[in-house]
Amino acid sequence: MSRFATIAIVGRPNVGKSTLFNRLVGKRLALVDDQPGVTRDRREGDGELLGLKFTIVDTAGFEDYDAATLPGRMRVQTEKAVREADAALFMIDGRAGVTPLDEEIARWLRSEDTPIILLVNKAEGKQGENGLMESYSLGFDNPIALSAEHGEGVVDLFDALRPIVEAYDAAEAEAFPPSVEGEEDEDAPLGPMKLAIVGRPNAGKSTLINRMIGEDRLITGPEAGITRDSIRVDWQWEKDGEVHEIQLFDTAGMRKRAKVVDKLEKLSVADALHAVDFAEVVVLLLDATKGLEAQDLRIADKVLQEGRALIVALNKWDIAEDPSALFNGVRTALDDGLSQVKGVPVLSISGATGKGIDTLVKVAFEQREIWTNRVSTARLNRWFEGAVDNNPPPAPGGKRIKLRYITQARTRPPTFVVFGSRTDSLPGSYERYLVNGMRKELGFQGVPVRLNFRNSRNPYDE
């Protein structure tokens, strides 16, 4: 449940809903394009307008009523968003005027209990004024002339939203009085785990998230490429009497770069990569009926280059043929194709039946713990001295490379700095020797480890 009032934006396609959503969240979260029907799933964000804070929900265009079609499934999600909201912003295009679909949406909204605020977008100029006058025929009081692109009319929108948001905030404060301030727990656990699901189109990412959260929150279907925006879903995972907070990110399918020529698909892939940047742990979802392909290795390599903890999950395991051979083949291919990171977890799951989901989440928390682990300097250098003694660095050209000490510069991902002399002559094979030793002896299996080298300054060089 949101601790802020929830405001949903609803309207037919291409009236500017995502543009207003981006303005209210203060960043370009939702994809915006002249092509109608870009938004398909509900997308939530932290909205703010002149100091007024709320949760804002962008919804898909309101079209086909047949729930068996993709537009129909989009409409079901929009209807659910409005019913769960504390208020809805009904947006029409002031330049186009009132259309038959606007009238259909208005009839449905009048039958709902959710408070409605009518917005006439693109209201600049004479054409917009005509649309504003027509909007009174929809049966809502005091329509607001707005320009989501240029920010005009936001004061009137603030005045309309303020009583709704303040009433919600007052009720929330009464139900959840503020806790006593003062003591802070220095050993407080990490915040919600940020878990992104990535993969090729139609691998079952949205189906998996719906199974995790126990509701049809994301649109699914046999069509490939349904998901366009990267959608965040807040989830509470209960295990052994404990509740764990998780932020799930559903992403668009990523095809080979050569096949991505459509502008909208390029935007979707860029949005998916942004979700990877934001995540802590990334699940690469494979279709077990198709096995591992070169594109999967490219996606995995991208995740590891960004320094994120990676898990590979074989989805649709319940219908896979010869699963044992498939699993061993994928494990071998990953070891060969991702030689820079040893021990990436490989799991078998089924988003359709729920098999393996608890194990997947458990492993995700374990990998995050490894990813955020910090080793004490004393323990680190004891290991380092032993590693160097057991296998001293080479002496290229007869000149000795001396490694003095190591320190952990940061976590997320684990990053270390080695100080010594002539470290720029150290071969890559010796760096891999040190990294593999860290994984084995210090417990950094399956996560990217970064190792940097610095030359210690010799005061007698001059």
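Predicted model: local features only at pLDDT ≥ 70, side-chain atom pairs only at ≥ 80, totals over all residues.

Tutor: Start with strands S2 and S3, the latter covering residues 52-58. They pair in the antiparallel sense, over seven bridges.

Now widen the view. S2 and S3 belong to an open sheet of six strands. The order is S2-S3-S1-S4-S5-S6, and the pairing is mixed. Which strands stand at the edges? They are S2, residues 43-49, and S6, residues 144-145. Each has a single partner strand, so one side of each is left without a neighbour in the sheet.

Helices lie across these strands. Helix H1, residues 17-25, lies across S1 (6-10), S2, S3, S4 (87-93) and S5 (116-121). Its direction makes an angle of about 55 degrees with S2. Helix H4, residues 125-135, lies across S4, S5 and S6. Against S5, H4 runs at about 155 degrees.

Step back to the whole protein. It has twelve helices and 15 strands. Of its 462 residues, 50% are buried. The accessible surface comes to about 22700 Å², and carbon and sulfur atoms account for 47% of that. Consider next the contacts between residues at least 6 apart in sequence: 70% of them join residues at least 24 apart.

What about the interior? In soluble globular proteins, nonpolar side chains tend to be buried together. Here the largest nonpolar core has 52 residues. Those with the most contacts inside it are Leu195, Ile246, Leu248, Leu360, Trp383, Ile406 and Leu451. Helix H10, residues 357-371, gives the most to this core: eight residues. Apart from it lies another core, of 28 residues, including Ala279, Leu304, Leu326 and Leu334.

Look at Leu248 in the largest core. Leave out residues up to four places away in sequence, and Leu248 touches Leu195, Ile209, Met212, Ile213, Ile231, Arg232, Val233 and Trp235.

Aromatic rings come next. The count is eight aromatic pairs. One of them joins Trp383 and Phe384. Their ring centres are 6.3 Å apart, with 45 degrees between the planes, and the pair is tilted. Both Trp383 and Phe384 are buried. Another pair is stacked: Tyr405 and Phe419, at 4.8 Å centre to centre and 20 degrees between the planes. This pair links distant parts of the chain, 14 residues apart. Tyr405 sits in strand S13, residues 402-410, and Phe419 in strand S14, residues 415-421.

The cut-off for buried is under 20%.

End with Ser421, which also lies in S14. Its relative accessibility is 19%, so Ser421 counts as buried. Setting aside neighbours within four places in sequence, Ser421 is in contact with Ile401, Lys402, Arg404 and Asn455.

Note on methods:
Residues numbered from 1 in each chain as written. Heavy atoms only, no water. Core = buried A, V, L, I, M, F, W, Y, C linked by side-chain atoms within 4.5 Å. Buried < 20%, exposed > 50% of the residue type's maximum accessible area, 1.4 Å probe, protein only. Helix = DSSP H or I, 4+ residues; strand = E, 2+ residues; numbered from the N terminus. Contact = heavy atoms within 4.5 Å. Areas by Shrake-Rupley, 256 points an atom, 1.4 Å probe, with all protein chains shown as cover. Pairing = 2+ DSSP bridges. Axes fitted to C-alpha atoms, helices over the stretch in contact; angles between N-to-C directions. Phe/Tyr/Trp six-rings, centres within 6.5 Å; stacked < 30°, edge-to-face > 60°.
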